[in-house]
Amino acid sequence: MSYGTSQVLTPPHCPCCPNPPLMWKDTTRITDRDPGNWFWYCTSCTRFWHPDKQEKELFTHGSPGRQAGSVRFDPRVPQD
């Protein structure tokens, strides 16, 4: 998997499903102390998958060269 700085981040496909859907980033276990505690989830087979090291870095912090905070904060949600 190769991600450039201008490419849209697309999650991987499920490795087990015959017609593999894109997986969801399950963030239900993320805490302030552990922002990287997330998993891939397949809605078809309902399995959880650990992201590899590159996916973990990229989908937690964003690709190199992106504006700081561009992945962490949703501009539609007011910040305290």
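Trp 38, Trp 40 and Phe 59 form one aromatic cluster. The model is predicted: local features need pLDDT of at least 70, side-chain atom pairs count only at pLDDT 80 or more, and totals for chains, interfaces and linings use all residues. Residues are numbered from 1 along each chain as its sequence is written, and side-chain values use heavy atoms, with hydrogens and water left out.

**Exercise 1.** Work out the geometry of the aromatic cluster.

*Solution.*
1. Apply the pair criterion: ring centres of Phe, Tyr or Trp (its six-membered ring) within 6.5 Å; planes under 30 degrees apart are stacked, over 60 edge-to-face, the rest tilted.
2. The whole structure holds four aromatic pairs. One of them joins Trp 38 and Trp 40, edge-to-face, at 4.9 Å centre to centre and 80° between the planes.
3. The ring centres of Trp 40 and Phe 59 are 5.0 Å apart with planes at 80°, so this pair is edge-to-face.
4. Locate the partners: Trp 40 is in strand E2 (residues 39–41) and Phe 59 in helix H1 (residues 53–61), 19 residues apart. Helices (H or I, at least four residues) and strands (E, at least two) are DSSP runs, numbered from the N terminus.

**Exercise 2.** Describe the surroundings of Asp 26.

*Solution.*
1. Asp 26 belongs to strand E1 (residues 24–26).
2. Asp 26 is buried and has no salt bridge; Arg 29, the nearest side chain of opposite charge, is 4.4 Å away. Buried means under 20% relative accessible area, with a 1.4 Å probe and protein chains only. A salt bridge needs a side-chain nitrogen of Lys or Arg within 4 Å of a carboxyl oxygen of Asp or Glu.
3. Leaving aside neighbours within four places in sequence, Asp 26 contacts Trp 38, Phe 39, Tyr 41 and Phe 48. Contact means heavy atoms within 4.5 Å.

Notes: Buried < 20%, exposed > 50% of the residue type's maximum accessible area, 1.4 Å probe, protein only. Lys, Arg positive; Asp, Glu negative; His and termini not counted.
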